[in-house]
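Biologist: Thanks for sitting down with me. Could we go through this one together, starting where the two chains meet?

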Amino acid sequence: MILKVEGLVKSFGNFEVIHHWNLTVEEGEKVVLLGPSGCGKTTFLRIIAGLEKPTEGKIEIGFERLGFVFQEPRLIPWKTVRDNLRLIEEDEGKIKTILELVKLNGFEDHFPSQISGGMKQRLNLARAMVVDPDFMILDEPFTSLDIKVKMEIMEDLMEIWEKRRFTMLMVTHDVKEAVYMGDRILILSKIPSKILREIRINFIRRDITNRDFLGMESRILRFMLE
Amino acid sequence: MRILLGLLIFFGSWLILSMMLSQSLILPTPMETFSALVEILRDSTTYSAMLSTIAKGFMILGLIIAVGLPVGFVMGLSDKIYELLRPTVMIIQSVPVISWLALVIFMWGIGWKGPVLIGFLSLLPISIFTIVEGVRSIDRDLLEMVKVYRVPKIKVFKYVYIGSLIPFIKAVVDVSVGNVWKTVLVTEFLCGDRGLGVMISWARQYVDVPRIYAITLMAVGLGIGTERIAKKLMSLTTRRWGM
């Protein structure tokens with residue numbers, strides 16, 4: 001067990017966002033929280049990252065190094081690609097390896113304003129990778145990307161995961177992303193949000209036009225629209 | 001080319017206006033002014049006066065950077081410190097120069113300390129409040145990001161705070177450089193023992209209006225020159241931050 005959440009409640013004043021969540025994440029798992037916008041997904045990740053305090057409940061954390069891929073890249077505009085990583089990790093060798101891993105080699109001396117949206121998100125991913133995480137949080141990391149770039153980055157991320165096997169906790173409102181990325185999908189309700197259902201994905205899903213993939217996608221969509 | 005044309009328009013208008021007024025006591029012609037300027041520049045004491053004014057100006061700028069920036073930074077970081085110090089800074093901002101003048105004359109008499117202190121106090125509040133605004137406008141998302149990755153404070157200061165504050169530091173330098181010579185000349189005029197302001201004061205006593213205009217031209221040159229140098233220095237510094 002790398003993360004255990006028991007009876008988690010989060011309210012902002014009288015406004016309850018998260019209503020009694022219970023979940024456990026095992027080491028090496030890829031868990032996706034799938035739910036509508038504004039259901040408290042990001043709030044949950046912020047609690048795990050220590051940026052918010054829960055109102056009620058218990059959280060047990062078993063990881064040491066956290067990587068966080070933010071929804072918007074949160075890069076330092078006046079620092080180059082390399083320096084944005086140097087903020088987190090000084091080891092030049094490690095930076096070089098990670099930049100190669102996320103296919104940003106050759107752009108080390110570019111500033112964030114000189115690279116595309118997809119590359120910024122790759123740098124966001126690189127920053128999370130450079131800490132050599134045992135737990136990786138991804139907060140709707142592909143929202144602002146077009147489908148082609150999104151697919152490229154998702155494929156690369158899965159390749160990286162195959163090599164490094166860190167635990168992943170991702171939130172999204174996109175069913176396709178959830179099915180592609182997760183071993184386990186937790187479907188959330190509207191606020192005050194509850195975990196409605198847990199779905200395990202057992203097929204190999206690299207092809208998003210595959211019949212199993214499309215079947216799973218439509219099954220989840222039907223459930224969410226009910 | 002356009003600058004030359006602009007200067008030509010300025011001096012041409014000055015010439016026409018002075019000829020229309022035809023009263024050297026109010027507006028001498030550019031020729032009278034330039035001849036007074038040549039005379040001033042031939043006098044070796046002019047250079048020591050100019051150096052004295054420059055030294056005071058740089059002393060004020062140094063104090064603004066050494067005091068205004070850190071105080072503004074701390075006030076921007078902490079609401080409690082802001083509320084504690086704000087009344088003092090606002091009082092300093094509101095006190096008329098003439099009151100400071102009375103105070104420094106009682107304390108030190110005429111000399112260099114008065115102009116430096118008054119110049120410093122006149123420019124300090126705006127530099128503090130500019131930096132406070134800068135600190136408050138730092139991207140909260142970046143601060144959260146460094147918190148998640150537990151980046152050491154010294155690195156956060158170097159990478160995030162300084163970089164975010166560069167445009168505000170630039171604004172402080174721009175405003176201070178633009179105003180420091182005016183402040184120094186006024187305070188030298190009122191309580192200085194040496195400097196261009198004192199030279200204007202003496203020229204006024206002798207009703208030597210072309211001389212006043214000539215010294216003013218020197219002060220304008222000083223202002224433009226330092227502004228250019230400051231801009232160059234700032235752009236060299238900010239290049240390090242990719243700005």
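Biologist: Which residue forms a salt bridge with A:Arg74?

Modeller: Happy to start there, bearing in mind that this is a predicted model. A salt bridge here needs a side-chain nitrogen of Lys or Arg within 4 Å of a carboxyl oxygen of Asp or Glu. The closest N and O atoms of this pair are 3.0 Å apart, and the count between chain A and chain B is 4 salt bridges. The partner of A:Arg74 is B:Glu144.

Biologist: Which residues of chain A lose the most area to chain B?

Modeller: Let's begin with the whole interface, where 25 residues of chain A are in contact with 18 residues of chain B. The area buried between the chains is about 1900 Å², with 64% of it from carbon and sulfur atoms. On the side of chain A, three residues together account for 40% of what is buried there. They are A:Arg74, A:Trp78 and A:Leu87.

Biologist: Which element gives the largest share of the side of chain A that touches chain B?

Modeller: Between the chains there are 8 residue pairs in polar contact, both residues at pLDDT 80 or more. Strand S5 (66–69), helix H2 (81–86) and helix H4 (117–129) of chain A each supply at least two residues of the side that touches chain B. That side divides into 14 nonpolar, 2 polar and 9 charged residues. The largest share, 3 residues, comes from S5(A).

Biologist: Now the open spaces: which helix supplies the largest share of the lining of the largest pocket?

Modeller: The largest pocket has a volume of about 490 Å³, and among its 23 lining residues the closest to the centre are B:Ile65, B:Leu69, B:Ile169, B:Val173 and B:Met234. By class the lining has 20 nonpolar, 3 polar and no charged residues. The largest share, 9 residues, comes from H8(B).

Biologist: And how many charged residues are in the lining of the second largest pocket?

Modeller: This pocket has a volume of about 390 Å³. Of its 21 lining residues, A:Glu64, A:Leu66, B:Val148, B:Tyr149 and B:Arg150 lie nearest the centre, so both chains contribute to it. Besides 14 nonpolar residues and 1 polar residue, the number of charged residues in the lining is 6.

Terms used: Residues numbered from 1 in each chain as written. Chains lettered and ligands numbered in written order. Predicted model: local features only at pLDDT ≥ 70, side-chain atom pairs only at ≥ 80, totals over all residues. Heavy atoms only, no water. Contact = heavy atoms within 4.5 Å. Buried area = accessible area lost by both parts, 1.4 Å probe. Polar contact = N/O pair within 3.5 Å; in protein donor to acceptor, adjacent residues only side chain to side chain. Helix = DSSP H or I, 4+ residues; strand = E, 2+ residues; numbered from the N terminus. Nonpolar A, V, L, I, M, F, W, Y, C, P; charged D, E, K, R; others polar. 1 Å grid on protein atoms, 1.4 Å probe; cavity = no way out; pocket = protein on both sides within 12 Å on 5 of 7 lines; lining within 4 Å. Points joined across faces, edges and corners; volume = space filled by probe spheres on them.
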